[in-house]
Amino acid sequence: MSERRQMLDLSWPLEPGMPVFPGDPPMSLSPMGELATEGYVSHLASLPVHSGTHVDAPAHVLEDGEALADLPLWRFAGPGVVLDVRVRTALAVTAADIEPHLVWLRAQEPAFVLLLTGDASRWGEAEYYTRGAHLTPEAALLLAGLGLSGVGLDAASADAFGLRWLPAHRALLGAGLIIVENLRDLERLPASGFEFLCLPVLGLDGSPVRAAAALPVGAP
């Protein structure tokens with residue numbers, strides 16, 4: 001990325017009161033310093049590692065899976081494409097929704113496929129986490145076979161809420177991919193021609209990320 005780029009932020013801000021997965025504790029912030037007395041400002045933050053816009057590592061669902069710290073940094077950046085699946089027959093993104101695009105996807109040779117499901121418009125709604133877009137295991141297997149670094153989506157989870165053993169997660173993470181969940185503004189991206197970045201803050205089974213797209217200056 002030697003030429004100048006414009007950056008588009010694809011992350012939700014991490015802040016108290018943001019939506020969290022049902023059963024997870026909310027994010028909290030506690031002040032640790034004041035300019036008037038200590039001469040500095042700092043805060044103690046507490047939040048689950050799978051909060052807001054975040055990345056899942058294979059260790060999230062696999063006993064011997066790699067944690068984020070085990071993966072080289074280049075795994076978190078690379079050419080991206082947006083696959084618009086807003087028009088579909090059910091909440092789930094199925095293999096039938098992806099199959100017509102496989103030839104195009106292979107021709108692009110992306111590192112990341114970002115699924116535009118339309119769920120970002122529901123961020124903050126009561127059923128955002130419990131009744132949202134997700135992947136069927138068959139759709140996840142199709143994506144896992146494309147030689148990607150990762151899959152991202154503007155929805156809460158790659159799997160349906162309450163589904164045991166997270167089969168879509170296992171299909172993707174078991175193939176060595178990473179998963180980026182709770183993206184936003186994917187509709188503002190071109191279908192291809194951008195670099196996607198999702199550098200993790202933590203090296204665990206998951207981590208919040210500042211996801212972004214780098215586009216050539218002057219791109220629409």
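A nonpolar core here is a set of buried Ala, Val, Leu, Ile, Met, Phe, Trp, Tyr and Cys residues joined through side-chain atoms within 4.5 Å. Buried means under 20% relative accessible area, exposed over 50%, partly exposed in between, with a 1.4 Å probe and protein chains only.

Two notes on the source. This is a predicted model: local features need pLDDT of at least 70, side-chain atom pairs count only at pLDDT 80 or more, and totals for chains, interfaces and linings use all residues. Numbering starts from 1 along each chain as its sequence is written, and side-chain values use heavy atoms, without hydrogens or water.

Now the packing. The largest nonpolar core has 28 residues. Which of them touch the most other members? Ile 98, Leu 105, Val 113, Leu 115, Leu 135, Leu 143 and Leu 172. Elements giving two or more residues to this core include α2 (102–108), β7 (112–116) and α3 (137–144). Helices (H or I, at least four residues) and strands (E, at least two) are DSSP runs, numbered from the N terminus. A second, separate core holds 24 residues, among them Leu 8 and Ala 213.

Back to Leu 105. Beyond its neighbours within four places in sequence, Leu 105 contacts Val 81, Leu 83, Ile 98, Pro 110, Val 113 and Leu 146. Contact means heavy atoms within 4.5 Å.

Last, the angles. Most residues other than glycine have a negative phi. Trp 165 has a positive phi of about 70°. Leu 166 is also positive, near 45°. Both sit in the loop between β9 and α4. Trp 165 is exposed, at 61% relative accessibility. Leu 166 is partly exposed, at 24%.
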